[in-house]
Each structure stands twice: as C-alpha cells, then as structure tokens.
Amino acid sequence: MAEARTIVLVEGTSDQRALEALARRLGRNLAAEGVAVVRMGGAQAIGGCLEQYGPRGLDLRLAGLCDAGEERYVRRALERAGLGADLTRSGMEELGFYVCDVDLEDELTRSLGPGAVERVIEAEGETPSFRTFQKQPEKRGLTLEGQLREFMWNRKIRYATLLVDALDLTRVPRPLERLLAAV
C-alpha cells in the first residue's frame, strides 16, 4: 500500500478477490501499477476511507465499487468529501466509482449465465446443497438467477474468484470492466 498512487475502495473481501482475480486474468498486476484494492468492511466505512485517502488525507487517486443498495450512501459520502455535488450515477462514474446492479454476485451470475454458475457449484461439490436450498419454501418463488445469487450470499468470499475464473472475458460485467479501465 505504501507504493499505491490509486486506491480502489470496495465493500468487502469478495469484491476485492473478484477484482484482483479479474485483473490477473486480464494480464494486469495492480500492485505493480500502483493500485491498491482496499476493502472497507462495508459501504458505511467509506467516509473514513475518503478522509484517509482522498483530498483531505493522502490525496491519492480514488475509485470504487458498491452495490446498488449502497449507491445513495456512497454518493453522499463522495459529496461530503468534496469530490462532487449533486452526483448522479454517471457523475459517480466520472469520479471512478461504479455501481453493481443488485450486487457483484448478481453481476457475475448474469454475465456467466445460470448454467455456468451451476457448473461452478458442481465443480465445488455443492450441487446437493444448492438443490436443498432451492427446495426451501421461501426460495421456490425466486428465479434461478435469484436462487443462485442468494445461494452465493454466505459463500461469496469463496466463490468470487471461482466465478471470475469461469467468466468469458468478452462478457465482463460493466462495473468491473469500467472500474479496471479507469485505474
């Protein structure tokens, strides 16, 4: 981190692992490029991270990734840090901050397609667990994509890299593709 010129703020470990795995697959070494991916421990910590790394702190170049449910919170934090006013999603993107529609797992599931995600689950030996999960009354009404995303919820740290490794590089989710292009 001492050599970093750019800080990419992500909510947690799964986001960090996915982003770093994708960068590696694209032949990039973020650390060698002076880019550090920092997990905030949740979007609510962004204010402190912006103070530490932003214009009032170390004044490093900033970028980031968040879930749609956290977009408003991240937008307000960027504004409070003096990085913009009345930001829209496109304004956030101009600053290098990208929003995953629903969340990263949803983005990856849509890009891969449900069949490919099920093959990743199968390769991990978890198809029986997934089938049991699907049978739960509250899960039956979900689409297959919704079931897959919810199944990943408490497994997302493990599956982040696996899903990225299975990804067709011509179908990289827009927020990840744009974020890596920005840094």
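## Cysteines

The sulfur of cysteine 49 lies 13 Å from the closest cysteine sulfur, that of cysteine 66, which is too far for a bond. A disulfide is defined here as a pair of cysteine sulfur atoms within 2.5 Å, and a search of the whole structure finds zero of them. Cysteine 100 is likewise in no disulfide, the nearest cysteine sulfur, in cysteine 66, being 7.4 Å away.

Cysteine 49 is buried, at a relative accessible area of 10%, and cysteine 100 is buried at 1%. Buried denotes under 20% relative accessible area, exposed over 50%, and partly exposed the range in between (1.4 Å probe, protein chains only).

## Basis of the model

This is a predicted model, in which local features need pLDDT of at least 70 and side-chain atom pairs count only at pLDDT 80 or more, while totals for chains, interfaces and linings use all residues. Residues are numbered from 1 along each chain as its sequence is written, and side-chain values use heavy atoms, with hydrogens and water left out.

## Salt bridges between separate elements

The structure holds 15 salt bridges, each a side-chain nitrogen of Lys or Arg within 4 Å of a carboxyl oxygen of Asp or Glu. One of them joins aspartate 101 to arginine 89, at 3.0 Å from N to O. Aspartate 101 lies in the loop between strand E4 (97–100) and helix H5 (104–112), and arginine 89 in helix H4 (residues 89–94), so the pair ties together parts 12 residues apart in sequence. Helices (H or I, at least four residues) and strands (E, at least two) are DSSP runs, numbered from the N terminus. Aspartate 101 is partly exposed, at 36%, as is arginine 89, at 28%.

Aspartate 103 pairs with arginine 149, their closest N and O atoms being 3.4 Å apart. Aspartate 103 is buried, at 5%, whereas arginine 149 is partly exposed, at 24%.

## A linked network

Within helix H5, arginine 110 and glutamate 107 are three residues apart, about one turn of the helix, and their side chains meet in a salt bridge of 3.4 Å, N to O. Glutamate 107 is buried, at 7%, while arginine 110 is partly exposed, at 41%. A network of salt bridges links Asp103, Asp106, Glu107, Arg110 and Arg149.
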